[in-house]
Amino acid sequence: MSTTGKVVTWTSVIAVLALAAFIYFKFCFVYSEGVNEGDINYFQKEGWIFKTYEGKMIQTGLKNSKVQGSIQSNEFKFSVVEERVAKQLNDGANTGVKLHWKRYKGTLPWRGRSEFIVDSVYVAK
């Protein structure tokens, strides 16, 4: 094999490995995980080709501002992949739930529109 052939081969191998690493870290690597608590605002199955479960949770809390005792509301948008978790959210009470989620840096059409993928639901006390 000539020197030019070896350079092309190694460049191709490095490019493929770099692309594979990028795809892994963008779409498969769990960037962070945690738990959010609040009230489910909506939860629905939607999509044109890939039907995914999408939801929004409202989290309330005290706002640290110049006005004493002001209340703020945060929205937490999430997706659900597992049918079991979707059934829990559809059948259960939509007030006072804790959602355990994993965050990915990229979205995939069959995984949902959100970077936050909920994998378990708990009833808040």
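1. Contact, as the word is used in this note, means heavy atoms within 4.5 Å, and the structure under discussion is a predicted model. With residues up to four places away in sequence not counted, Thr 52 touches Gln 44, Lys 45 and Glu 46, and also Pro 109, Trp 110, Arg 111 and Gly 112.

2. Thr 52 belongs to strand S2, which covers residues 52–62. Its relative accessibility is 7%, and because buried means under 20% relative accessible area, Thr 52 counts as buried.

3. Glu 46, one of the residues that Thr 52 touches, lies in strand S1, which covers residues 32–46. Once neighbours within four places in sequence are left aside, the residues in contact with Glu 46 are Lys 51, Thr 52, Glu 54 and Arg 113.

4. The side chain of Glu 46 takes part in polar contacts with two side chains that deserve a look together: that of Gln 44, at 2.6 Å, and that of Arg 113, at 2.7 Å. Arg 113 is also among the residues listed above as being in contact with Glu 46, while Gln 44 is one of those touched by Thr 52.

5. A separate point concerns helix H2, residues 83–91, in which Val 85, Ala 86 and Leu 89 are buried. Viewed down the axis of H2, these buried residues fall within an arc of 100°, and they therefore line one face of the helix. The face turned away from that buried side carries Glu 83, Lys 87 and Asp 91, which are exposed.

Notes
Residues numbered from 1 in each chain as written. Predicted model: local features only at pLDDT ≥ 70, side-chain atom pairs only at ≥ 80, totals over all residues. Heavy atoms only, no water. Helix = DSSP H or I, 4+ residues; strand = E, 2+ residues; numbered from the N terminus. Polar contact = N/O pair within 3.5 Å; in protein donor to acceptor, adjacent residues only side chain to side chain. Buried < 20%, exposed > 50% of the residue type's maximum accessible area, 1.4 Å probe, protein only. Arc of directions from axis to C-beta.
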